[in-house]
Amino acid sequence: MKSEKILFDFLHSLLICIMTTAKWTQYVRGVPLPKAPWFSEKNCNDAMYYIPHNGDVIICSFPKTGTSWLQYIVQQIISKGQPLPKFMDLYYKIIPFIEMAGIEAVEALTKPRIYKHHFSQNAIPIRDNAKYIYIYRNPEDVLISYFHFCANIVEEVLTIDDFLEDFVKGILWYGDYCDHVLSFLSQAKRENVFVCTYENLISNRKEEVLRLAKFLGEEHYEYLSKDEATLDRIVAQTEFEYMKANVAMMLPEMKQEEESSGGPDRKVDYFRKGIVGDGKKSLTESQLKKIREYVATKVNGTLLAEKWLPNEQN
């Protein structure tokens with residue numbers, strides 16, 4: 001056991017040293033997570049141990065796959081198309097992001113309690129007494145979106161080649177992307193699990209809104225099926241350009257508290273493009289080859305191979 005612990009500690013330290021954004025990373029129960037004043041180790045640890053109540057709805061995903069967009073869509077369904085709330089109100093009060101807001105924010109909710117996290121199913125197993133909504137996206141687009149987001153968050157110069165290297169090694173925040181997706185797709189046939197893709201939300205949002213409403217509760221589906229005006233308003237208010245113009249993400253400085261200047265919160269360019277295929281357009285041939293080779297080792301033999309890989313690779 002002692003030798004196993006020594007090996008584990010060595011590998012753990014090695015991963016931290018390798019990662020480009022190492023100083024912005026903390027490990028909680030073996031999962032690489034953001035290290036920032038607004039992402040405390042306590043909140044992350046509490047999130048991983050938290051047991052949902054009966055009837056809870058939990059939105060799950062890997063970062064930059066459309067989670068915040070999905071949060072707003074769920075909020076719109078529940079509120080029957082009320083004006084969009086402020087970004088941080090959504091994250092802390094309405095549909096809390098549990099790693100940021102803490103379990104206290106979830107405990108303060110009234111039923112139906114809806115909250116979100118970014119952990120894989122392997123880190124936080126699915127329970128029968130709650131409902132789970134999972135979204136995923138083409139890994140090439142995830143990489144590009146995640147790269148720009150992290151560069152914006154840490155306010156340092158990151159290179160796409162280094163970021164790609166960490167992506168395929170599975171040592172970016174929340175770990176390996178393909179493993180994350182596969183962990184939830186393995187549970188997709190369960191009645192309490194709803195799976196959607198970013199691409200389908202782009203191309204068939206009205207149909208996906210209705211499908212999601214039915215999963216949230218028959219009453220939501222019936223209401224939207226009968227009230228075309230509300231359904232159209234929800235679709236309009238969750239259009240990418242509308243959200244980009246009306247929703248702003250404000251974050252404190254990324255620096256640790258002892259280093260912080262105490263300055264005002266800053267706006268983060270959270271809603272960047274909202275398109276399908278940005279990865280293919282943005283990456284070089286050698287970068288595409290690298291990420292597709294990684295994806296092939298993970299998803300060959302699964303349905304994802306048909307979605308994510310060129311024909312010659314699956």
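In what follows, Ala, Val, Leu, Ile, Met, Phe, Trp, Tyr, Cys and Pro count as nonpolar, Asp, Glu, Lys and Arg as charged, and the others, Gly among them, as polar. This is a predicted model, where local features need pLDDT of at least 70, side-chain atom pairs count only at pLDDT 80 or more, and totals for chains, interfaces and linings use all residues. Residues are numbered from 1 along each chain as its sequence is written, and side-chain values use heavy atoms, leaving out hydrogens and water.

**The second largest pocket**
- By class, its lining has three nonpolar, five polar and seven charged residues.
- Nearest the centre of this pocket lie Asn138, Glu199, Val276, Lys307 and Trp308, out of 15 lining residues (those with an atom within 4 Å of a point of the pocket; a pocket is an open set of points on a 1 Å grid over the protein atoms alone, where a 1.4 Å probe fits, with protein on both sides within 12 Å along at least five of seven lines).

**Helices H9 and H16**
- Tyr177, Cys178, Asp179 and Leu182 in H9 meet Tyr294, Val295, Lys298 and Val299 in H16 (contact means heavy atoms within 4.5 Å).
- This contact of H9 with H16 has six nonpolar, no polar and two charged residues.

**The E1–E2 hairpin**
- Strands E1 (residues 25-28) and E2 (residues 31-34) pair in the antiparallel sense over four bridges (pairing needs at least two DSSP bridges).
- Tyr27 has Pro32 in E2 as its bridge partner.
- Two residues separate E1 and E2 in the hairpin, and Arg29 in the turn has a positive phi of about 50 degrees.
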